[in-house]
Amino acid sequence: MKTKIAYCIPGLYYPSGMERALTLKANYLAAQKGKYEVYIIITEGRDKPPYYTLAPEIRLVQLDIRFDDLYTVPFFKKITGYFRKQKLFRKRLTECLQQIRPDITISLLRREINFINKINDGSIKLGEIHFSRTNYRDFKNNHLPAFLQKAVAHYWTSQLIRELKKLKRFIVLSEEDKIKWTELNNVSVIYNPLSFYPESVSDCSNKKVIAVGRYMPQKGFDLLIACWKMVSEKHPDWTLSIYGDGMREELQVQINSLNLQKSCFLEHAVTNITDKYLESSIFVLSSRYEGFGMVIIEAMACGLPPVSFTCPCGPRDIIQDGKDGLLAENGNITQLAEKICYLIEHEDERKRLGQVARRNVERFKIENIGRQWEQLFEDTLKLKS
């Protein structure tokens, strides 16, 4: 008899790391013939197809709650609307799970984590988080005074910990993050899987540096542009291309003010990002924080040596400093520039690190990560029986 696995996530139409990682894992499980029956239960994106291709065997269940409609309403209407929709979500998810009767239900720690342990459908409840603890439920709202923001954040965190303690297992993305959950004794680490491992690799000879991510403060591209000013002064024949979308205008103003228009380029997000990695010789991650940092392992799979801030969380789990990449103190743009310049000036070392990075990143292939999830499921079901 197949093991029924049900995932709960807001939607699948948006191109971000959580959606991509879930799609990879769900497709892997669906491909294990005769073993798993996979359901993905969503609340958003009523008429939008999944951004990443799902295996046809996967059953996508749309509850059609549409929390996203609340983004455009005034703050206090947003509060009342949220509680109304949350009540509807709980009702429909309960009905859905009681009908499916999964063996294991996995919350991706969105809105359902507040009540999923109370649903009596016979399934074991697991949770997985795609953020670091430091930056999850970081409540900020300019409509409220600081003391109220602090009180709400404290309440949210206390509520979350109570629910996480009830889960059979709670899965995080890095050893670095695991140690932050001091109140819990049910935490496991399973890394995100690689989305590709191309046959071709970069030869690290082009005078190109690449960065990838959404144009938002988290990704620290303002820090990277300031860093690139130092690099460009020493190596004006090298270029930096940043692939993403979002807050483009502010970053372009910064580039113009530093007179970097000829060496620093803001590119749109592309579907053929693998080709862009292969055209480059160094990858840089300048994030202020990450949940894991999938772009690092993607670049390494293409044979690029990564240079990264030691931001929480992910880079220190992925990169072995001096062996398959270089790490710079978090937020230290001078040190980041020095590391980039070192790789520019030492071609043999750049190529060596890229080759080692390519080999070392094989541990993140989906067949390796998938087997870890299968083992977790098997161990969890044994406890049930």
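How many positive and negative side chains does the protein chain have, and how far apart do the centres of the two sets lie? In this predicted model, the protein chain carries 57 positive and 46 negative side chains, with the centres of the two sets lying 7 Å apart.

With regard to overall dimensions, the C-alpha trace of the protein chain spans about 65 × 50 × 40 Å along its principal axes. The radius of gyration of the protein chain is 22 Å, which agrees with the value near 21 Å that a compact globule of 385 residues would have. Of the 385 residues, 55% count as buried, and among the contacts with a separation of 6 or more, 66% are accounted for by residues 24 or more positions apart. The secondary structure of the protein chain consists of twelve helices and 13 strands.

Lysine 365 is classed as buried because its relative accessible area, at 19%, falls under the 20% cut-off. When residues up to four places away in sequence are not counted, lysine 365 touches Leu194 and Tyr197.

How values were computed:
Residues numbered from 1 in each chain as written. Predicted model: local features only at pLDDT ≥ 70, side-chain atom pairs only at ≥ 80, totals over all residues. Heavy atoms only, no water. Buried < 20%, exposed > 50% of the residue type's maximum accessible area, 1.4 Å probe, protein only. Contact = heavy atoms within 4.5 Å. Helix = DSSP H or I, 4+ residues; strand = E, 2+ residues; numbered from the N terminus. Rg over C-alpha atoms; globule rule 2.2 N^0.38 Å. Lys, Arg positive; Asp, Glu negative; His and termini not counted. Charge placed at Lys NZ, Arg CZ, Asp CG, Glu CD.
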